[in-house]
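Colleague: I am new to this structure and would like a close look at a single part. Please show it to me first.

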Amino acid sequence: MRADMLTSVLTELNGTSGDIEASGVISTDGLMIASVLPAGMDEDRVGAMSAAMLSLGDRTAQELARGALEQVLIKGDKGYVLMTYAGAESVLTVLAKPNAKLGLIFLDVKRAAASIAELL
Amino acid sequence: MAQNFNELIMYSKTFSGLTPELEVCLKDIAPVITPHLKQVTDSFYEQLATIPAAEKYLAGRIEHLKAAHLKWMINLFELDVDAQFAEGMYKVGDIHVKVNLPVEFMAGAMTLINTEIIKLVIDKMGSDLDKCSKALQAINAVTGLALMIMQQSYQESSIAEELEKFLKISGMSRTLFTNLAKAYN
């Protein structure tokens with residue numbers, strides 16, 4: 001039931017912009033809780049890598065005196081990976097196209113993260 | 001990770017060539033050799049004292065180290081070379097990591113020890129070539145086996161220590177690290 005609700009939030013998030021290619025909710029231990037990923041994408045790797053990156057981001061923000069972590073953004077020539085906390089114990093990861101309008105995506109991701117935090 | 005000492009000792013024996021016959025030989029020569037091992041220990045630490053890099057590991061604790069070293073050498077001759085023996089040698093390697101002793105110290109030290117023991121064996125048994133030859137084979141095999149186990153433990157303890165450091169720095173939990181590793185198996 002909860003997984004369905006989370007999937008529904010993710011489906012809605014993916015639908016807010018054509019630039020969002022995939023999204024997932026992951027526990028801070030790296031296990032996928034719910035996801036809307038393209039076929040062929042390894043759920044376990046997306047989950048573990050996202051949680052690891054967020055953990056490193058957390059430590060980096062702390063070590064370099066940047067305050068509480070809001071998000072981790074990775075840019076590659078084939079697109080973006082955006083990770084943010086959705087509550088204290090889970091991570092929302094979004095994959096977006098290279099020409100994505102980040103401002104809008106940030107806003108949608110923030111809203112989705114808040115909804116996910118409530119559900120969890 | 002829990003170590004299977006039965007497997008470890010069997011595996012180490014295949015490499016060191018420590019046969020049951022040589023194990024018996026070690027116990028046979030123990031009464032002749034062990035009373036003189038204190039000289040080997042003293043000589044070993046005298047040589048260590050000439051190595052500048054060893055100084056910081058010896059300062060203020062020579063007597064304690066000598067006692068542990070002597071006990072370790074006596075064990076090579078008196079104990080059954082079984083799983084318990086492997087566990088003891090494994091702990092030695094682990095301790096060397098905990099005191100940050102460089103890895104080459106173990107192999108280097110074993111060479112120095114062997115040199116001293118060879119002198120001792122030749123001195124005590126040189127008149128009986130067969131006995132002397134078998135004793136040297138047995139000693140070479142058991143010290144080689146001990147070194148192999150200690151180095152394996154050293155390596156595993158070093159990796160575990162490095163991982164702990166990485167987890168602490170990165171803020172990753174052990175569970176997350178395990179899940180990350182599993183995802184790439």
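Which residues does A83(B) touch, not counting residues up to four places away in sequence? Please set the answer in the context of the chain.

Modeller: First, the ground rules. This is a predicted model, in which local features need pLDDT of at least 70 and side-chain atom pairs count only at pLDDT 80 or more, while totals for chains, interfaces and linings use all residues. Residues are numbered from 1 along each chain as its sequence is written, and chains are lettered from A and ligands numbered from 1 in the order in which they are written.

Now your residue. A83(B) touches F5(B), N6(B) and I9(B), leaving out residues up to four places away in sequence. Two residues are in contact if their C-beta atoms, placed from the backbone, lie within 7 Å. E7(B) also belongs in this picture: A83(B) and E7(B) are 76 residues apart in sequence, yet 8.0 Å apart in space, C-alpha to C-alpha.

A83(B) sits in helix α6 of chain B, residues 83–98. Helices (H or I, at least four residues) and strands (E, at least two) are DSSP runs, numbered from the N terminus. A83(B) counts as partly exposed, because it has 16 C-beta neighbours inside 10 Å. The cut-offs are these: a residue is buried with 20 or more other C-beta atoms within 10 Å of its own, exposed with 12 or fewer, and partly exposed in between, with C-beta atoms placed from the backbone.

Step back to chain B. It has 9 helices and 0 strands. Its C-alpha trace spans about 65 × 40 × 20 Å along the principal axes. Of its 185 residues, 26% are buried. Take the contacts in chain B between residues at least 6 apart in sequence: 82% of them join residues at least 24 apart.

Most residues other than glycine have a negative phi. N100(B) is exposed, because 10 other C-beta atoms lie within 10 Å.

With 6 C-beta neighbours inside 10 Å, A65(A) counts as exposed.

Next, a pair of helices in chain B. The axes of α2 (residues 20–33) and α8 (residues 129–170) come within 9 Å and cross at roughly 105 degrees. Axes are lines fitted to C-alpha atoms, for helices over the stretch in contact, and angles run from 0 to 180 degrees between N-to-C directions. α2(B) and α8(B) are therefore roughly perpendicular to each other. Angles under 35 degrees count as roughly parallel, over 145 as roughly antiparallel, 65 to 115 as roughly perpendicular and the rest as oblique. On the α2(B) side, L22(B), C25(B), L26(B) and I29(B) make the contact; among their partners in α8(B) are A135(B), A138(B) and V142(B).

Finally, the two chains meet. In chain A, 12 residues are in contact with 10 residues of chain B. The chain A side has 5 nonpolar, 2 polar and 5 charged residues. Here Ala, Val, Leu, Ile, Met, Phe, Trp, Tyr, Cys and Pro count as nonpolar, Asp, Glu, Lys and Arg as charged, and the others, Gly among them, as polar.
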